[in-house]
Amino acid sequence: MATAGVVVFLIATFLDWVSTQDDSVTGTGYETDTTIPLVAFLGVGLAAALLYALNRARGRQHRGLSLTTMAAGIAAAGLALSYILDAPGALERGGDYSAEVGTWIALIGAVVWTAGAFLLAKEPEGDDDWHGTERRTGHTAH
């Protein structure tokens, strides 16, 4: 589910994110701000790492990686939401921008990304001290 959200966010990066009030100028997420594709590509890397961990990590996941993916999803949602509320840097660019469809699709993708990572992170398989149905307390050296 997290991977699906990343893919939606990545696709949304290439859709229109902002336009001027008279719609004479529009900009894709890729053209609007370098942070948008950076977050999308970070998500792709994290999704690839999650898929790798699915095959290699003990318990089919790595808890820290799941939580990092969730944190990046929250950042992606915040980025999309900031463009919906008021495009960052609009004063610097001298424009009065409004959000376009790509921003809304990116927000949906980011929410799915975050929720998917959260659902993966809450599973006990990624915990080092979880063995079967018993949870061991205390720290042991591995």
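Guide: In this predicted model, one aromatic cluster is formed by Phe-9, Trp-17, Tyr-83 and Trp-113. The whole structure holds four aromatic pairs.

Visitor: What makes the pair of Phe-9 and Trp-17 edge-to-face?

Guide: Their ring centres lie 6.2 Å apart, and a pair requires centres within 6.5 Å. The planes meet at 80°, and over 60 degrees counts as edge-to-face. The pair of Phe-9 and Trp-17 is therefore edge-to-face.

Visitor: Why is the pair of Trp-17 and Tyr-83 called edge-to-face?

Guide: The centres of these two rings are 5.5 Å apart and their planes stand at 85°, so the pair of Trp-17 and Tyr-83 is edge-to-face by the cut-offs of 6.5 Å and 60 degrees. This pair links distant parts of the chain, with Trp-17 in strand 1 and Tyr-83 in helix 4, 66 residues apart.

Visitor: How do you know that Trp-17 is buried?

Guide: Buried means under 20% relative accessible area. Trp-17 has 0%, so Trp-17 is buried.

Visitor: Why is Tyr-83 called buried?

Guide: The relative accessible area of Tyr-83 is 1%, which is under 20%, so Tyr-83 is buried as well. Phe-9 is also buried.

Visitor: Which residues of helix 6 are buried?

Guide: Among them are Trp-113, Gly-109 and Ala-117. The cover over the buried residues of helix 6 includes helix 1, strand 1, helix 3, helix 4 and strand 3.

Methods. Residues numbered from 1 in each chain as written. Predicted model: local features only at pLDDT ≥ 70, side-chain atom pairs only at ≥ 80, totals over all residues. Heavy atoms only, no water. Buried < 20%, exposed > 50% of the residue type's maximum accessible area, 1.4 Å probe, protein only. Helix = DSSP H or I, 4+ residues; strand = E, 2+ residues; numbered from the N terminus. Contact = heavy atoms within 4.5 Å. Phe/Tyr/Trp six-rings, centres within 6.5 Å; stacked < 30°, edge-to-face > 60°.
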